[in-house]
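User: I would like to go through this model with you, one topic at a time. Please keep the answers plain.

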Amino acid sequence: MEEKKGLSAEVIIIAIVAVIICVAVFIAIKSSNKEEIVYGTTEATSGPQENLIEDYKTYKKYINKCGVDDNITINYKKNSMKERYTEEFFKTKKLAVIAVSEDTSKDYFHDITSVTYNDDKTQATIKYVYKAGGYAGSLSRSWYEWMIVELDNTVTSVNFELDNESLDK
């Protein structure tokens, strides 16, 4: 009579399938409230540090008041803000603006690291990076860099969280 040693192939297959299912469920739960991040950057002469823009009229007011450049870079492509952010856009979306000060004397790094919503999508949390590096040259010009995040139109409030620790990961 022959003795079986070790685990059978069936037990190993069941264990592997169970691990795959657990990982898939974990990933689904972890990312269930995260959305695709759509944001662009542009320059302005001034700006609200953090703001939610809910309608076209308010948007136009900020653009004119803050001297915002019409060219916005979204996914490495140049776009026209006048063409993208129209009255029609604001029927389905809102914008969150983070304006950070920059100049020619230092290297700066900025990015949106995540956008999450609560269960009913009335509150968004935007985590962003903003860091100044070392000396880059003499101060010859300064401006505001606007990070403009497109949000669902159900959002009524936004939490802005500085996330510089993500740079260390």
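User: Which residues form a nonpolar patch on the surface?
Analyst: This is a predicted model. In the model, the patch consists of Ile-12, Ile-16 and Ile-20, which together have about 270 Å² of accessible area.

User: Where is Ile-16 placed, and how exposed is it?
Analyst: Ile-16 belongs to helix 1, which covers residues 9–31. Its relative accessible area is 47%, and because exposed requires over 50% and buried under 20%, Ile-16 counts as partly exposed.

User: Changing topic to aromatics. How many aromatic pairs are there?
Analyst: The count comes to 7 aromatic pairs. One of them joins Tyr-59 and Tyr-85: the ring centres are 5.9 Å apart and the planes stand at 70 degrees, so this pair is edge-to-face.

User: Where do Tyr-59 and Tyr-85 sit in the chain?
Analyst: The pair links distant parts of the chain, 26 residues apart. Tyr-59 is in helix 2 (residues 56–66), while Tyr-85 is in the loop between helix 3 (81–84) and strand 5 (93–103).

User: Is Tyr-59 buried or exposed, and what about Tyr-85?
Analyst: Tyr-59 is buried, with a relative accessibility of 4%. Tyr-85 is buried as well, at 0%.

User: What is the geometry of Tyr-59 with Phe-90?
Analyst: The centres of those two rings lie 5.5 Å apart with the planes at 45 degrees, so the pair is classed as tilted. Phe-90 is in the loop between helix 3 and strand 5, and Tyr-59 is in helix 2, so this pair ties together parts that are 31 residues apart in sequence. Both residues are buried.

User: Why is that pair tilted rather than edge-to-face?
Analyst: The planes of Tyr-59 and Phe-90 are at 45 degrees, whereas edge-to-face needs over 60 and stacked needs under 30, so the pair falls into the tilted class.

User: Which residues form the aromatic cluster?
Analyst: One cluster is made up of Tyr-56, Tyr-59, Tyr-85, Phe-89 and Phe-90.

User: On to charges. How many salt bridges does a search of the whole structure find?
Analyst: The search finds 6 salt bridges. Among them is the one between the side chains of Glu-43 and Arg-141, at 3.2 Å from N to O. That pair links distant parts of the chain, 98 residues apart: Glu-43 is in strand 1 (residues 39–44) and Arg-141 in the loop between strand 7 and strand 8. Glu-43 is partly exposed, with a relative accessible area of 28%, and Arg-141 is partly exposed at 40%.

User: What does Lys-93 pair with?
Analyst: Lys-93 forms a salt bridge with Asp-152, and the closest N and O atoms are 3.7 Å apart. Lys-93 lies in strand 5 and Asp-152 in strand 8, so the bridge ties together parts that are 59 residues apart in sequence. Lys-93 counts as partly exposed at 27% relative accessibility, whereas Asp-152 counts as buried at 19%. Lys-93 and Asp-152 are also linked with Lys-121 in a network of salt bridges.

User: And which residue does Lys-91 bridge to?
Analyst: Lys-91 forms a salt bridge with Glu-88, with the closest N and O atoms 3.3 Å apart. Lys-91 is exposed at 54% relative accessibility, and Glu-88 is exposed at 53%.

User: Now Asn-164. Where is it, and is it buried or exposed?
Analyst: Asn-164 lies in the segment after strand 9 (157–162). Its relative accessibility is 14%, so Asn-164 counts as buried.

User: What does the Asn-164 side chain do there?
Analyst: A polar atom of the Asn-164 side chain lies 2.9 Å from the backbone nitrogen of Tyr-130. Leaving out residues up to four places away in sequence, Asn-164 touches Tyr-128, Val-129, Tyr-130 and Lys-131.

User: Last one: where is Leu-139, and what does it touch?
Analyst: Leu-139 is in the loop between strand 7 (123–135) and strand 8 (142–152). It is exposed, with a relative accessible area of 59%. Not counting residues up to four places away in sequence, Leu-139 touches Asp-103, Thr-104 and Ser-105.

Conventions:
Residues numbered from 1 in each chain as written. Predicted model: local features only at pLDDT ≥ 70, side-chain atom pairs only at ≥ 80, totals over all residues. Heavy atoms only, no water. Patch = residues over 30% accessible without salt bridge, like charges linked within 9 Å, V, L, I, M, F, W, Y side chains within 5 Å. Areas by Shrake-Rupley, 256 points an atom, 1.4 Å probe, with all protein chains shown as cover. Salt bridge = Lys/Arg side-chain N within 4 Å of Asp/Glu carboxyl O. Helix = DSSP H or I, 4+ residues; strand = E, 2+ residues; numbered from the N terminus. Buried < 20%, exposed > 50% of the residue type's maximum accessible area, 1.4 Å probe, protein only. Polar contact = N/O pair within 3.5 Å; in protein donor to acceptor, adjacent residues only side chain to side chain. Contact = heavy atoms within 4.5 Å. Phe/Tyr/Trp six-rings, centres within 6.5 Å; stacked < 30°, edge-to-face > 60°.
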